[in-house]
Structures are given as C-alpha cells and as structure tokens.
Amino acid sequence: MSIKPRLFSTFQCLRHENPLGLPRSGAPPQLPRMQRGLPTKRPLPSVRKTIAVSSAKGGVGKSTIAVNLALAFARLGHRTGILDTDIFGPSIPTLLSLNGQEPRLSDGNQLLPIVNYGVKSMSMGYLVGEEKPVVWRGLMVMKALQQLLWEVEWGGLDVLVMDLPPGTGDTQLTITQQVVLDGAIVISTPQDIALRDAVKGVEMMRKVNVPLLGMVQNMSVFICPQCNHSTHIFGSEGVAQACVKHDVPFLGDVPLHASICDDADRGKPTVVAEPGSGRAQAFVAIAERIAKDIKL
C-alpha cells in the first residue's frame with residue numbers, strides 16, 4: 001500500500017505577508033494614543049490652569065492643604081475652584097462648611113459648583129448623603145468620576161485645585177491620562193513610613209508625564225502654645241531630604257498646630273479663619289510659588 005504525501009509538514013518554511021505592518025527591523029511604529037485605543041488628554045472646559053494635590057498616603061493632611069491652597073489662590077486674586085475627586089471619602093464639603101448642600105443643574109444640564117469663601121467647589125459629598133457610604137464597584141466609580149471631570153460648569157477659572165484620593169490607582173490614572181494637568185504637588189509628613197508612599201506618588205507622576213511642582217512637608221514642627229518650645233514630633237528634614245534624593249523641588253513646611261485641625265473641623269480653614277497667622281502665611285507662600293511656576 002502506497003502512502004500519500006502529506007499536504008502539510010512542520011518542516012516546511014512558513015511565511016506570511018506581514019499582516020500587522022510591523023517593520024522588518026528596528027522599533028515598532030508609535031501610533032497616536034487614539035489609534036491605540038487609549039484616552040487623549042484635554043483641558044477641562046473654562047479652566048486656565050489645573051493642578052493636582054496628591055499624597056499616595058492617607059492621613060497626612062492632603063485635603064486640608066489642598067483647600068487652604070485654593071483659598072490662598074483666591075486671596076491672591078485668582079478665580080479659583082477645588083474639585084474633590086475622592087469618591088469614597090470626600091472631605092471638601094466639611095472643610096468648606098457645605099455639608100448638606102446640593103448642586104443645581106445649569107440650562108445645559110451641567111452641575112453648578114457650590115461657592116463658599118470665594119472658592120467654587122464640586123464633590124461627590126454633595127451628590128450623596130453626608131453619612132451614606134459609597135459602596136460601588138469600579139465601573140460605577142469611574143462613571144461618577146467622569147461626571148465630576150466633564151459635567152461641571154465652572155464658569156471660568158484661573159486655577160482649579162484637584163484633591164486626589166490616596167494611592168496610585170484607577171482614579172489617579174484616569175485623571176492623569178485624560179486631563180491636561182499643569183502640575184502636581186505631593187504632600188507628606190516627615191516620617192519614613194509616609195515618605196515611602198509619597199515617593200511612589202512622585203514616581204507615578206513622572207511615569208504619566210505630569211510636571212512635578214514639588215513636595216510639601218506637613219506637620220513639620222510643633223510649637224508649644226504655652227512655652228513656644230518647638231518639637232519635631234515626626235522628624236525634621238524627611239521631605240527635604242527626599243526632595244534632594246529624587247530631584248524634586250521643596251515647596252515649604254506647614255507646621256503641626258491644633259488650630260489648623262480645629263479650623264478644618266469647623267469648616268473655616270486657616271487661611272480664612274486666621275489670615276494674619278504664620279500658619280496662614282505658610283499656605284500663601286506655597287501658593288505664590290506655585291502660581292509663579294505655572295505662570296498663573
């Protein structure tokens with residue numbers, strides 16, 4: 001019995017016509033982000049400058065610094081807004097004494113920011129009850145974030161401060177990939193355990209090509225109100241040393257003071273409650289430097 005020749009053999013040389021259009025040598029072609037199915041960055045409507053305030057670590061006073069910086073920008077004469085992008089733990093309504101407020105809709109079906117102390121604000125905290133948890137999966141969170149980013153009628157701002165949630169996850173990635181940011185600020189306390197996460201925040205901003213304006217050292221020194229003795233409870237130069245090591249500008253110190261916490265809890269931040277204090281001046285000095293860096 002004769003054996004028929006095989007129609008296919010693994011020993012044959014297989015060839016194709018290069019269906020993907022890849023180059024025969026060298027690096028693959030760099031296609032535009034849109035063609036690769038990735039989002040393209042665009043500026044927020046009617047906003048001149050947008051800065052992100054990040055920490056990558058919870059509990060370091062990021063939101064308190066963000067709202068005081070926004071108030072400092074307003075004090076310097078800039079039309080200012082603040083956007084709370086923390087879906088699960090919004091803080092801006094409390095910090096601006098706006099709990100229980102609900103935003104109205106414009107004629108164009110856009111959310112209208114709520115104003116206090118001369119600063120426009122928008123937060124998930126306005127859209128859900130004060131004590132109601134947001135128990136959502138990722139798709140719902142991203143849908144809410146898209147609404148906060150693109151469906152708010154800011155009405156013309158010189159600068160918008162974005163208060164980012166802790167971490168380096170979906171929310172941060174979505175914002176940095178979709179929004180043109182003029183710079184990012186990373187907040188940290190001096191101790192090593194906070195700095196480790198802050199450095200991750202710095203490296204994330206570099207990875208997504210967001211300009212790093214610098215780092216702020218919060219709770220840097222405690223001055224006793226009775227004897228005026230200064231104590232570095234969390235260390236003294238942690239953030240400054242990290243800035244030198246990672247080639248990041250050092251924007252300044254914010255002291256550890258009971259009044260900053262009390263002012264925040266009662267919804268009247270330090271820049272408004274004690275404008276002549278050294279603590280308020282620390283926020284204003286940082287805002288002045290940022291305004292110069294972003295050409296505000």
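Tutor: A helix here is a DSSP run of at least four residues, and a strand is a run of at least two, numbered from the N terminus. The model is predicted. Start with Ser97.

Student: Where is Ser97 placed?

Tutor: Ser97 sits in the loop between helix H2 (92-95) and strand E3 (114-116). Its phi is positive, about 55°, although Ser97 is not a glycine.

Student: Why is Ser97 called partly exposed?

Tutor: Its relative accessible area is 43%. Buried means under 20% and exposed means over 50%. The value for Ser97 falls in between, so Ser97 is partly exposed.

Student: What makes Asn209 count as exposed?

Tutor: Asn209 has a relative accessibility of 64%. Asn209 is in the loop between H5 and E7. Asn209 is not a glycine, yet it has a positive phi of about 60°.

Student: Why does Thr176 count as buried?

Tutor: Thr176 has 0% relative accessibility. Buried means under 20%, so Thr176 is buried. Thr176 belongs to helix H4 (residues 170-178).

Student: Which backbone oxygen does the side chain of Thr176 reach, and how do you know that it is a polar contact?

Tutor: The side chain reaches the backbone oxygen of Gln172 at 2.9 Å. A polar contact needs a pair of N or O atoms within 3.5 Å, so 2.9 Å meets the distance limit.

Student: What makes a set of residues a nonpolar core?

Tutor: Its members are buried nonpolar residues joined through side-chain atoms within 4.5 Å. In soluble globular proteins, nonpolar side chains tend to be buried together. Here the largest nonpolar core has 77 residues. Ile82, Met162, Ile185, Met215 and Ile290 touch the most other members. H1 gives the most to this core, with 8 residues.

Student: Which residues does Met162 touch?

Tutor: Among them are Leu44, Ile51, Val53, Leu83, Leu149, Ile175 and Leu181, with residues up to four places away not counted.

Student: What is the volume of the largest pocket, and which residues are closest to its centre?

Tutor: The largest pocket holds about 310 Å³ of space. Of its 24 lining residues, Val60, Gly61, Thr64, Asn218 and Met219 are the closest to its centre. H1, strand E7 (212-223), strand E9 (250-256) and helix H7 (258-265) each give two or more residues to the lining. The lining divides into 12 nonpolar, 8 polar and 4 charged residues.

Student: Which residues line the second largest pocket, and how many are charged?

Tutor: Asp192, Leu195, Arg196, Val199, Gln241, Ala242, Lys245 and His246 line the second largest pocket. Of these, 3 are charged, 3 nonpolar and 2 polar. Asp, Lys and Arg count as charged, so Asp192, Arg196 and Lys245 are the charged ones.

Notes:
Residues numbered from 1 in each chain as written. Predicted model: local features only at pLDDT ≥ 70, side-chain atom pairs only at ≥ 80, totals over all residues. Heavy atoms only, no water. Buried < 20%, exposed > 50% of the residue type's maximum accessible area, 1.4 Å probe, protein only. Polar contact = N/O pair within 3.5 Å; in protein donor to acceptor, adjacent residues only side chain to side chain. Contact = heavy atoms within 4.5 Å. 1 Å grid on protein atoms, 1.4 Å probe; cavity = no way out; pocket = protein on both sides within 12 Å on 5 of 7 lines; lining within 4 Å. Points joined across faces, edges and corners; volume = space filled by probe spheres on them.
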